[in-house]
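Q: I would like to learn how to read a few features of a model. Please take them one at a time.

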Amino acid sequence: MSNVKVLPLLEPAESVAPCCPPLTERPMNAEEAETAAKMFKALGDPVRLRLFSAVASHEGGEACVCDISDVGVSQPTVSHHLKKLKEAGLLTSERRGTWVYYRVEPSVLAAMGQLLTTASATA
(Lines give C-alpha, C1' and ligand atoms only; values in the text may rest on other atoms or scores of the structure.)
Protein backbone atom coordinates (compact mmCIF):
# COMPACT_ATOMS: atom_id res chain seq x y z
CA MET A 1 0.00 0.00 0.00
CA SER A 2 1.36 3.38 -1.00
CA ASN A 3 1.22 6.51 1.12
CA VAL A 4 1.74 8.76 -1.89
CA LYS A 5 -0.90 11.45 -2.19
CA VAL A 6 -1.42 13.46 -5.36
CA LEU A 7 -1.97 17.13 -4.57
CA PRO A 8 -3.90 19.40 -6.94
CA LEU A 9 -2.03 22.14 -8.74
CA LEU A 10 -3.06 25.65 -7.86
CA GLU A 11 -3.78 28.12 -10.60
CA PRO A 12 -1.59 31.23 -10.50
CA ALA A 13 -3.21 34.10 -8.68
CA GLU A 14 -4.99 36.64 -10.82
CA SER A 15 -3.02 39.76 -11.49
CA VAL A 16 -3.49 41.99 -8.48
CA ALA A 17 -3.87 45.68 -9.05
CA PRO A 18 -1.17 47.74 -7.38
CA CYS A 19 -2.03 49.71 -4.27
CA CYS A 20 -1.39 52.93 -6.07
CA PRO A 21 -0.68 54.30 -9.53
CA PRO A 22 2.93 54.93 -10.52
CA LEU A 23 4.18 58.09 -8.82
CA THR A 24 4.67 59.78 -12.17
CA GLU A 25 1.11 59.08 -13.36
CA ARG A 26 -0.85 61.38 -11.05
CA PRO A 27 -0.81 62.61 -7.46
CA MET A 28 -1.87 59.98 -4.94
CA ASN A 29 -5.07 60.37 -3.01
CA ALA A 30 -4.99 60.15 0.80
CA GLU A 31 -5.90 56.44 0.94
CA GLU A 32 -3.27 55.46 -1.64
CA ALA A 33 -0.60 57.48 0.16
CA GLU A 34 -1.53 55.85 3.48
CA THR A 35 -1.21 52.35 1.99
CA ALA A 36 2.11 53.05 0.27
CA ALA A 37 3.56 54.81 3.31
CA LYS A 38 2.69 51.82 5.51
CA MET A 39 4.63 49.48 3.21
CA PHE A 40 7.66 51.75 2.89
CA LYS A 41 7.69 52.59 6.59
CA ALA A 42 7.84 48.88 7.39
CA LEU A 43 10.81 48.50 5.04
CA GLY A 44 12.51 51.63 6.40
CA ASP A 45 14.11 49.65 9.22
CA PRO A 46 17.33 47.83 8.21
CA VAL A 47 16.45 44.69 10.19
CA ARG A 48 13.00 44.51 8.59
CA LEU A 49 14.48 45.06 5.15
CA ARG A 50 16.94 42.20 5.76
CA LEU A 51 14.14 39.91 6.98
CA PHE A 52 11.94 40.81 4.00
CA SER A 53 14.86 40.15 1.64
CA ALA A 54 15.65 36.85 3.36
CA VAL A 55 12.07 35.65 2.90
CA ALA A 56 11.76 36.95 -0.68
CA SER A 57 15.02 35.35 -1.80
CA HIS A 58 14.67 32.08 0.10
CA GLU A 59 14.48 28.90 -1.95
CA GLY A 60 10.89 27.97 -2.69
CA GLY A 61 9.59 31.47 -2.00
CA GLU A 62 9.00 30.89 1.70
CA ALA A 63 11.19 30.70 4.77
CA CYS A 64 10.87 29.21 8.21
CA VAL A 65 11.52 31.70 10.97
CA CYS A 66 14.24 29.30 12.11
CA ASP A 67 16.10 29.93 8.83
CA ILE A 68 15.96 33.73 8.79
CA SER A 69 16.43 34.79 12.40
CA ASP A 70 20.19 35.44 12.15
CA VAL A 71 20.02 39.19 11.54
CA GLY A 72 21.93 40.40 14.60
CA VAL A 73 19.00 40.87 16.98
CA SER A 74 17.30 38.65 19.54
CA GLN A 75 14.52 36.23 18.60
CA PRO A 76 11.78 38.33 20.26
CA THR A 77 12.97 41.32 18.22
CA VAL A 78 12.86 39.23 15.03
CA SER A 79 9.28 38.25 15.89
CA HIS A 80 8.38 41.90 16.44
CA HIS A 81 9.80 42.92 13.05
CA LEU A 82 8.09 40.04 11.24
CA LYS A 83 4.82 41.10 12.86
CA LYS A 84 5.29 44.65 11.56
CA LEU A 85 5.98 43.32 8.04
CA LYS A 86 2.80 41.24 8.22
CA GLU A 87 0.75 44.22 9.46
CA ALA A 88 2.00 46.24 6.50
CA GLY A 89 0.76 43.52 4.14
CA LEU A 90 4.25 42.59 2.97
CA LEU A 91 4.36 39.05 4.37
CA THR A 92 1.93 36.24 4.98
CA SER A 93 2.57 33.40 7.41
CA GLU A 94 1.48 29.87 8.15
CA ARG A 95 2.11 27.87 11.31
CA ARG A 96 3.34 24.32 10.74
CA GLY A 97 3.81 22.48 13.99
CA THR A 98 6.03 24.64 16.18
CA TRP A 99 7.47 26.73 13.34
CA VAL A 100 6.03 29.64 11.39
CA TYR A 101 6.75 29.93 7.68
CA TYR A 102 6.71 33.34 5.98
CA ARG A 103 6.14 34.17 2.35
CA VAL A 104 6.12 37.28 0.19
CA GLU A 105 3.19 37.26 -2.19
CA PRO A 106 4.40 37.93 -5.75
CA SER A 107 1.62 40.49 -6.16
CA VAL A 108 3.14 42.56 -3.33
CA LEU A 109 6.51 42.77 -5.07
CA ALA A 110 4.81 43.58 -8.37
CA ALA A 111 2.69 46.31 -6.77
CA MET A 112 5.69 47.91 -5.06
CA GLY A 113 7.71 47.80 -8.26
CA GLN A 114 4.87 49.25 -10.30
CA LEU A 115 4.50 52.13 -7.84
CA LEU A 116 8.10 53.18 -8.48
CA THR A 117 8.03 52.82 -12.27
CA THR A 118 7.14 55.51 -14.71
CA ALA A 119 3.65 55.52 -16.16
CA SER A 120 3.25 53.85 -19.55
CA ALA A 121 3.00 56.19 -22.47
CA THR A 122 -0.43 55.97 -24.03
CA ALA A 123 -0.85 56.48 -27.74
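A: Start with patches. A patch is made of residues with over 30% relative accessible area and no salt bridge; like charges are joined within 9 Å, nonpolar side chains (Val, Leu, Ile, Met, Phe, Trp, Tyr) within 5 Å. Accessible areas come from the Shrake-Rupley method with a 1.4 Å probe, and for residues only the protein chains shown count as cover. Here, Leu23, Phe40 and Leu116 form a nonpolar patch on the surface, with about 290 Å² of accessible area together.

Q: What kind of model is this, and how are residues numbered?
A: This is a predicted model: local features need pLDDT of at least 70, side-chain atom pairs count only at pLDDT 80 or more, and totals for chains, interfaces and linings use all residues. Residues are numbered from 1 along each chain as its sequence is written, and side-chain values use heavy atoms, with hydrogens and water left out.

Q: Where is Leu116, and is Leu116 buried or exposed?
A: Buried means under 20% relative accessible area, exposed over 50%, partly exposed in between (1.4 Å probe, protein chains only). Leu116 counts as exposed because its relative accessibility is 56%. Its place is in the segment after α5 (106–115). Helices (H or I, at least four residues) are DSSP runs, numbered from the N terminus.

Q: How do I read the packing of α2 and α4?
A: Two packed helices are described by the angle between their axes and the distance between the axes. Axes are lines fitted to C-alpha atoms, for helices over the stretch in contact; angles run from 0 to 180 degrees between N-to-C directions. The axes of α2 (residues 46–57) and α4 (residues 75–87) come within 10 Å and cross at roughly 75 degrees. The two helices are therefore roughly perpendicular (65 to 115 degrees).

Q: Which residues of α2 and α4 meet?
A: Contact means heavy atoms within 4.5 Å. From α2, Val47, Arg48, Leu51 and Phe52 meet Val78, His80, His81, Leu82, Lys84 and Leu85 in α4.

Q: How many salt bridges does a search of the whole structure find?
A: A salt bridge is a side-chain nitrogen of Lys or Arg within 4 Å of a carboxyl oxygen of Asp or Glu. The search finds seven. In one of them, Glu32 pairs with Arg26, with the closest N and O atoms 2.7 Å apart. Glu32 is buried at 12% relative accessibility, and Arg26 is partly exposed at 35%.

Q: What separates Glu87 and Lys84 in α4?
A: About one helical turn, because they are three residues apart in that helix. Their side chains meet in a salt bridge (3.7 Å, N to O).

Notes
Angles under 35 degrees count as roughly parallel, over 145 as roughly antiparallel, 65 to 115 as roughly perpendicular and the rest as oblique.
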